[in-house]
Amino acid sequence: MTHTSETAATPAAATVRIVDLVDRARALAAAGERRVLGIAGTPGAGKSTVSDALLDALGDDAILVGMDGFHLANEELVRLGRRERKGAPDTFDVEGYVALLDRIRAGHAVYAPRFDRSLEESIGSAVLVPAEVPLVITEGNYLLHDRFGWDAVASRLDEVWFLDVDAAERRERLVTRRLSHDHPHDEAVAWVRDVDEANAAVVERGRHRAHLVVTVSEAPAGALGHHEGAAS
C-alpha cells in the first residue's frame, strides 16, 4: 500500500486484499481515541462494499456515516435547477457534513442522516453514533474534492483511502445498480454516461490527496454494497 503526496498527479494503485484494509482499520480503532476514516472513489468504485467488509470485521468498534446522507432534498434541487445533476459536488449540504464530522471528532454521541436509495432522499437522524465507538467510517465521492466547500473535509479525517477500479467495470456496475432499482435500461445507461461519468472525472482529480490509493483484489466484479447512494 502506498502513501501518496500532493505532488503525485496520478499515483498508481497498489493491489491489496480486504484483510489488509481490515488490519489497517483495526489499528486505527485501537489508537485509544476517536478516529475518522474516509473511503473515497468514483461512483461504482466499491466504497460501500469495502465499508461493509470493515463494519463486518470490526463489529462494535466501527460505524458508518455516509456522505450521501447530506444530499440536498429533491425539492430543493428542483428549486436550484440542479435536479438533473443530483450527485454533483454542488448538490450536497457540505457545511452540514463538515459540522457533523467536527462533532464526531470531538467524541460526542451524535445522530447522522442516511440516504435511502428506495426513496432517493435522505432521512435525518437515522444513524446513532455512540460516543464509545472508536472508529467512524465515512465514505463518498468528494472527500478529497477542493471546491464548493469540500476542501474542509480532508482535515477532519485521520486517513483517506481512494479506491481505484477499471473504468469499464465501474460503468457496468453502475448500470446494473440502476437496473436493480427498476430504472429503464436506456435511462440507466444515459444517467451513467451523462451524470456518473462527469462526476467520476471530478472525483479522480482528488486522488493524489489520499493516504492510500488501492485496488481491492478479491472484490466481486459486480460488487456494490447495500447502502450505496446516488453519488456513491
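**The sheet and its surroundings**

Helix α2 (residues 47-58) lies across β2 (35-41), β3, β6 (135-140), β7 and β8, and runs at about 165° to β6. Contact here means heavy atoms within 4.5 Å. Axes are lines fitted to C-alpha atoms, for helices over the stretch in contact, with angles from 0 to 180 degrees between N-to-C directions. Helices (H or I, at least four residues) and strands (E, at least two) are DSSP runs, numbered from the N terminus.

A word on the source. This is a predicted model, where local features need pLDDT of at least 70, side-chain atom pairs count only at pLDDT 80 or more, and totals for chains, interfaces and linings use all residues. Residues are numbered from 1 along each chain as its sequence is written, and side-chain values use heavy atoms, with hydrogens and water left out.

Now the sheet itself. It is open, with six strands in the order β1-β8-β7-β2-β6-β3, and the pairing is parallel. β1 (14-16) and β3 (62-64) stand at the edges with a single partner strand each, so one side of each has no neighbour in the sheet. From one strand to the next, the twist averages 30°. Two strands pair if DSSP finds at least two bridges between them.

Look at β7 next. Strand β7 (residues 159-163) is joined to β8 (residues 212-216) by three bridges, running parallel. Leu-163 stands opposite Val-214 in β8. β2 and β7 also run parallel, joined by five bridges. There, Leu-37 has Glu-159 of β7 as its bridge partner.

How many residues of β7 are buried? Five of the five, so the strand is largely enclosed by the rest of the structure. Buried means under 20% relative accessible area, exposed over 50%, partly exposed in between (1.4 Å probe, protein chains only). Both faces are covered: Glu-159, Trp-161 and Leu-163 on one side, Val-160 and Phe-162 on the other.

On to the hairpin. β4 (residues 110-116) and β5 (residues 121-129) pair in the antiparallel sense over six bridges. Val-110 has Val-129 in β5 as its bridge partner. Four residues sit between the strands, and Glu-120 takes a positive phi near 60°. β4 is mostly covered, with five of its seven residues buried.

Now helix α5. Residues 167-180 make up its 14 residues, and it reaches 20 Å from first C-alpha to last, close to the 20 Å expected at 1.5 Å a residue. That expected span is 1.5 Å times one less than the number of residues. Asp-166 caps the N-terminal end: a side-chain oxygen lies 3.2 Å from the backbone nitrogen of Ala-168. After α5 comes Asp-182, with a positive phi near 70°. Buried in α5 are Arg-170, Arg-173, Leu-174, Val-175, Arg-177 and Arg-178. The buried residues of α5 pack against α6 (185-204).

Last stop, Asp-90. It lies in the loop between α3 (74-80) and α4 (94-105). Is Asp-90 buried or exposed? Buried, with a relative accessible area of 15%. Leaving aside neighbours within four places in sequence, Asp-90 is in contact with Leu-72, Arg-82, Arg-85 and Phe-148.

Note on methods
Polar contact = N/O pair within 3.5 Å; in protein donor to acceptor, adjacent residues only side chain to side chain.
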